[in-house]
Amino acid sequence: MSPAPPGRGAHVRAPPGRVGRLVLGLLLAALLAALAFAPFLFPGTRAMATASRIAIFVVLAASYDVLLGYAGIVSFAHTMFFGIGAYGVAIALARFTPGWGALVLGAAAGIGLSMLLAALIALLSLRVRAIFFSMLSLAVASVALTLASQLRDLTGGEDGLTFSVPAALSPGFRLLAHPVLGVRLDGRLLTYYLIFLVALGLFLFLLRVVNAPFGRVLQAIRENEFRAEALGYRVVLYRSLASAIAAGVAASAGVLMALLLRYNGPATTMSFAIMVDLLLMVVIGGMGTLYGAALGAALMVLAQYYLESLLQALAEAAAGLPLLAALFDPDRWLLWLGLIFVLIVYFFPAGLAGSLRLRAGEE
Amino acid sequence: MTPAPPALESEGLGIRFGGQVAVDDVSCAFHPGTLTAIVGPNGAGKTTYFNLLSGQLRASAGEVRLDGVTITRLPPSRRSRLGLGRAFQLTNLFPTLTVLENVRLAVQARAGIGLDVFSRAARLRALIERAHAVLAQVRLQTRAAVPAVALSHGDQRKLDIAILLALEPSVFLFDEPTAGMSVDEAPVVLDLIEQIKAARRATILLVEHKMDVVRRLADRVIVLHQGRLVADGAPEDVVASALVQEAYLGRQAGRG
Ligand SMILES: Nc1ncnc2c1ncn2[C@@H]1O[C@H](COP(=O)(O)OP(=O)(O)OP(=O)(O)O)[C@@H](O)[C@H]1O
Ligand SMILES: [Mg+2]
């Protein structure tokens, strides 16, 4: 037909694409296996806390990616929903009789309120223009953060709320008197597996959503909302639903966070610092691929937990060399983290998963 | 002339941008089984008229009716679901999605299952096969796996038309479908339009500058000039008229 169609030469790159997919698959399998057997592979409270956080942030980042990477809308309210979920549980357990009933009720209230609020923000703003969604989400999130710190009677203010979880999830609980494979079957372990399984279920649910006809429409809207509308898709409705689903999942992640910490305060779930982390996770992992969000979240949490210790070790090893020792000063961990981000964004502009998945013919 | 009630109708339709009236009081009815060519110089308001019909722009005056129902205030998505399909003058695709997915999205829209959150789109074989079939109609079957941006300009135009075909509308709005296509590509598209016309069910509106194409395909020609409908009639009469000659001389001067 037409002479030399562009993109033909790209077929040569098919094998690297396949290798990339293999690497990505292996990384994800390793992440899943590590989380599934974390208590047995990495004993210790710190490792358990890290693994729980990874599971929670994988869900939070994946739900944010549904907005950013699929629906193409920038929300600054995602950690607000995370916080509302956590406050739902915290308030229910701290203010009423602690137990499964209060837990379920608090979680349901937090998730429901989040979805409602998200749909409302979307309907109010998206009718006008997508950019107003970002602005309105920022405003609402700021108000929510202020409310969380000031409604002391309800939320505990800046100090937050400490509460006890149902007995089976509390550290003192023993399922069996004897350890199995060297691991005590206690409330901590049950909490971990509750978090892991719920997180896994939520992630699979999101995968289902983005691969369903609905998710394909979201992609179409991200690519060209004008044409999507011309095809008969009600863009505002789709974006509002995506927003509500993402908010519901974020609130569920907040519920898990509250169970993990047995505490919730504005800084732990609602702050804008977490919002920035979340953006980084999604961008580093690769937007528009939930797997990317999972990798980004794992990488980021690991870096936050272990980069400091790694630098400590490096600094000790380089003790004799003044310049290196100064470079590896553990206090500089944030600097190193920033440097790693810049390098990743520079060498993997499509994010880790995005670059690994690049198919023949693409770009 | 045509006994069937109009499929699409505009009455006193108009829009102004600031002080400029881009479409001015256009009343016209289009009947099933007919192809109406819309001609006029650059900037005459042809695309703007289409935008008013399909809802991308809201009219400042007048009405649009589809099968007798007023749709003047409905959003484009609703009009599309009611059977009013539109291809675009400027290429308007989902650029990083594959050629197949571009068409599959239209098939899916036609099937009305966009809100399905639980089935796997990749497993809905019937939709995918339908998309392949439509791609074959515009001779793009070998390019199915390529992202839309990687297509040549002519192929992108064909894809745009494939998307419209996949929607199976009852009213087709084509806006210069062969503009920018090579001499061997244009016939593919013109043959397709002729096929749709031959089925005698659809209502087709075609903005077209090439007079040979107009003579070949059109049952009727309307002329827009500075936003106004200035001539309406059989192709041989209208094309020969002094008005069109003048309008097109004006257009050529405009193109420099
Ligand atoms: N969104 C808009 N805002 C302001 N002016 C517009 C807009 N759309 C169209 N116009 C103006 O309206 C007039 C009609 O434009 P239109 O694109 O409908 O012409 P056309 O007949 O399709 O021309 P062409 O043959 O070049 O495609 C032009 O003067 C154009 O500049
Ligand atoms: Mg035009």
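This report covers the ligand sites, salt bridges and a surface patch of a predicted model.

Local features need pLDDT of at least 70 and side-chain atom pairs count only at pLDDT 80 or more, while totals for chains, interfaces and linings use all residues. Residues are numbered from 1 along each chain as its sequence is written, chains are lettered from A and ligands numbered from 1 in the order in which they are written, and side-chain values use heavy atoms, with hydrogens and water left out.

**Ligand sites in chain B**

The magnesium ion (ligand 2) has B:T47 (OG1) and B:Q89 (OE1) as its protein donors, at 1.9 to 2.1 Å. Donors are N, O and S atoms within 2.8 Å of the metal (3.2 Å for Na, K and Ca); water is not among the atoms, so sites may look incomplete. B:T47 belongs to helix α1 (residues 46–54) of chain B and B:Q89 to the loop between β6 (84–86) and α3 (99–111), so the pair ties together parts 42 residues apart in sequence. Helices (H or I, at least four residues) and strands (E, at least two) are DSSP runs, numbered from the N terminus. B:T47 is partly exposed at 24% relative accessibility, and B:Q89 is partly exposed at 28%. Here buried means under 20% relative accessible area, exposed over 50%, and partly exposed in between (1.4 Å probe, protein chains only).

Ligand 1 is surrounded by 14 residues, the closest being B:N42, B:K46, B:T47, B:T48 and B:Q89; a residue counts if one of its heavy atoms lies within 4 Å. A polar side-chain atom of B:N42 is 2.7 Å from an oxygen atom of ligand 1. A backbone N or O atom of B:G45 lies 3.0 Å from an oxygen atom of the ligand, and a side-chain N or O atom of B:H209 lies 3.3 Å from an oxygen atom of ligand 1. Taken alone, ligand 1 exposes 640 Å², of which the protein buries 63%. Accessible areas come from the Shrake-Rupley method with a 1.4 Å probe; for residues, only the protein chains shown count as cover. The elements giving two or more residues to the shell are β2 (20–30) and α1 of chain B, and α1(B) gives the most, with 3 residues.

**Salt bridges**

A salt bridge is a side-chain nitrogen of Lys or Arg within 4 Å of a carboxyl oxygen of Asp or Glu. The count over all chains is 18.

A:E225 is partly exposed at 37%, whereas A:R239 is buried at 5%.

B:E11 is in strand β1 (residues 8–17) and B:R65 in strand β4 (residues 61–66) of chain B, 54 residues apart. B:E11 is partly exposed at 44% and B:R65 is buried at 16%. Both belong to a network of salt bridges that links B:E9, B:E11, B:E63 and B:R65.

B:R220, buried at 17%, lies in strand β9 (residues 220–225) of chain B. B:D232, partly exposed at 43%, lies in strand β10 (residues 228–233).

**Surface patch in chain A**

A:F37, A:F40, A:L41, A:F42, A:L175, A:L176, A:V180 and A:L181 form a nonpolar surface patch with about 780 Å² of accessible area together. Patches are made of residues with over 30% relative accessible area and no salt bridge; like charges are joined within 9 Å and nonpolar side chains (Val, Leu, Ile, Met, Phe, Trp, Tyr) within 5 Å. A:L41 lies in helix α2 (residues 38–41).

Methods: Polar contact = N/O pair within 3.5 Å; in protein donor to acceptor, adjacent residues only side chain to side chain.
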